[in-house]
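These are my notebook entries on a structure that I looked up piece by piece.

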Amino acid sequence: MKLRTTLLSRGYLRLLLLCALLGVPVALACFAFLTSQHALQHAVWEHLPEALGYERAPWWWPLPTLLLAGLILAPVVTRMRGRGGHVPVHGLGGPPLGPDALPSVVLAALATLPLGVVLGPEAPLMAIGGGLALLGLRAFQRSAEPDAQGRMLLATAGSTAAISSIFGGPVVAAILVVEGAGIGGARLVALLLPCLIASATGALVFTGFGSWTGLSIGALSLPEVPPDVTPDAGDFLWGVPAAVLIAAVVASLRGLGRRTERWTAEHTAVRTVVCGVAAGALLTAYALVTGRSPEEAALSGQAMLGELAAAPHDLSVVALLALALFKGLAWSVCLGSMRGGPIFPAVLIGAVLGIACSGLPGLGTTPGLALGMATATAVVTGLPLTSSVLTVLLLGSDAHNQMPLIVIAAVAGVITGHLLRGRPAPAEPTARSTAGQARG
């Protein structure tokens with residue numbers, strides 16, 4: 001009865017209408033952000049090297065680009081309101097940032113992510129969505145002022161609408177909110193409906209606008225996947241230890257990210273630049289050791305993940321391990337010093353390690369890819385259901401047969417991640433923090 005009263009109340013219905021309208025400007029803002037980032041990334045890593053006479057980015061390319069990223073970010077995190085957003089080692093962020101923090105978030109993301117920072121765009125997107133929602137709230141308050149719960153719902157809906165753009169639709173974003181919020185019953189329904197309607201409206205506008213313009217946003221997707229197989233006993237016998245191993249690697253890399261954050265807490269400007277140079281050196285080392293392009297280890301890993309899934313055997317096991325090592329260490333440095341999202345690079349690192357493990361007798365390539373992505377995502381988010389659903393959507397037609405292994409790997413990732421932290425840990429501040437009290 002209480003839920004029915006809430007859902008049919010005038011204030012809640014007004015909030016749902018506002019969330020539906022909110023999806024439109026959030027989708028357009030996210031489209032502009034993602035297309036700009038994608039274009040800048042291609043300019044830095046493809047067009048500029050070609051203009052200088054190189055067929056691809058040379059081995060030394062990450063050194064000046066990541067130095068520049070550190071120099072740009074240093075004044076943002078030390079002087080600007082909002083400090084460029086949340087530190088990515090903590091997940092997708094804390095309480096929604098107010099509109100006044102949006103300039104620093106957008107500047108930090110657009111000016112540094114295309115330069116090769118080993119982070120994704122998902123955290124800045126959520127900050128943009130939440131900030132725009134709170135900006136719209138100011139106009140809403142002129143007629144009727146919502147309570148604290150209304151502000152929380154609106155900010156969460158804006159963040160969900162934003163994150164759905166990069167995940168290809170509202171499903172993963174909604175599940176992330178449901179699982180991360182840690183609530184149930186009537187409160188869950190009251191939270192979920194605004195998020196669903198905002199993200200669905202936004203996804204509709206986002207998809208239509210993308211088709212009309214023909215511009216690319218570089219969303220997380222796998223256009224091609226390895227041939228589908230039915231997992232057998234060997235896949236599970238090797239898969240579970242492989243998932244634990246991958247979880248241990250990703251959790252250890254994340255632990256290095258926490259140490260980096262503590263180190264940059266003092267002398268932040270100088271040490272931010274040092275971290276940028278260190279990340280560039282690691283990407284350069286990958287290019288020197290493997291003879292391949294440093295672009296494979298740089299950036300969020302969205303493009304490389306698609307290439308790896310389409311041709312998983314193009315890289316030798318040694319090259320795969322080198323990619324996981326150098327990209328993983330660069331990711332650790334960026335987690336504690338730069339600004340961006342932690343999930344996308346982790347997905348690639350997990351996929352790389354999973355495919356490397358598929359050389360074990362009895363473990364197939366497709367199961368290795370599936371368990372690697374699910375495990376790494378679960379370690380970073382602490383959300384096994386979200387990790388499972390994201391992996392299923394990425395695998396597409398391959399997902400049906402891999403679902404049991406995906407779920408087991410996600411659970412193993414969460415448990416291993418908590419064990420390696422040495423103490424009980426709450427869910428990472430992804431949707432839980434976003435669904436918390438918004439501060440405008």
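Entry one, a helix pair. Helices here are DSSP runs of H or I with at least four residues, strands are runs of E with at least two, and both are numbered from the N terminus. On the side of helix 14 the contact (heavy atoms within 4.5 Å) is made by Thr 366, Pro 367, Ala 370, Leu 371, Ala 374, Thr 375, Ala 378 and Val 379, and on the side of helix 16 by Gln 402, Leu 405, Ile 406, Ala 409, Ala 410, Gly 413 and Val 414. Sorted by class, this contact of helix 14 with helix 16 holds 11 nonpolar, 4 polar and no charged residues, where Ala, Val, Leu, Ile, Met, Phe, Trp, Tyr, Cys and Pro count as nonpolar, Asp, Glu, Lys and Arg as charged, and the others, Gly among them, as polar.

Entry two, what I am reading. This is a predicted model, in which local features need pLDDT of at least 70 and side-chain atom pairs count only at pLDDT 80 or more, while totals for chains, interfaces and linings use all residues. Residues are numbered from 1 along each chain as its sequence is written, and side-chain values use heavy atoms, with hydrogens and water left out.

I find 17 helices and 0 strands in the secondary structure, and buried residues make up 56% of the 440 residues. Buried means under 20% relative accessible area, exposed over 50%, and partly exposed in between, with a 1.4 Å probe and protein chains only. Of the contacts with a separation of 6 or more, 80% are between residues 24 or more positions apart.

Among the residues that make the contact are Ser 388, Thr 391 and Leu 395 of helix 15 and Gln 402, Ile 406 and Ala 410 of helix 16. The residues of this contact divide into 10 nonpolar, 4 polar and no charged.

Is Thr 391 buried or exposed? Thr 391 counts as buried because its relative accessibility is 1%, and beyond four places in sequence Thr 391 touches Ala 370, Met 373, Ala 374 and Ile 406. Leu 390, also placed in helix 15, is buried at 5%, and its C-alpha atom is separated by 8.9 Å from that of Val 171, 219 residues apart along the chain.

The largest nonpolar core has 116 residues, and Val 117, Leu 119, Val 250, Trp 331, Leu 371, Met 373 and Leu 395 have the most contacts inside it. Such a core is a set of buried Ala, Val, Leu, Ile, Met, Phe, Trp, Tyr and Cys residues joined through side-chain atoms within 4.5 Å. Its largest share, 12 residues, comes from helix 13 (residues 343–357). Leaving out residues up to four places away in sequence, I listed the contacts of Trp 331, including Leu 119, Val 250, Arg 254, Pro 345 and Ile 349.

Entry six, the salt bridge. How many salt bridges does the structure hold? I count 1 salt bridge, defined as a side-chain nitrogen of Lys or Arg within 4 Å of a carboxyl oxygen of Asp or Glu. The side chains of Arg 292 and Glu 296 meet in it at 2.8 Å, N to O. Arg 292 is partly exposed at 26%, whereas Glu 296 is buried at 11%.

Gly 362 lies in the loop between helix 13 and helix 14 and is partly exposed, with a relative accessible area of 43%. Beyond four places in sequence, Gly 362 touches Asp 232, Gly 234, Asp 235 and Trp 238.
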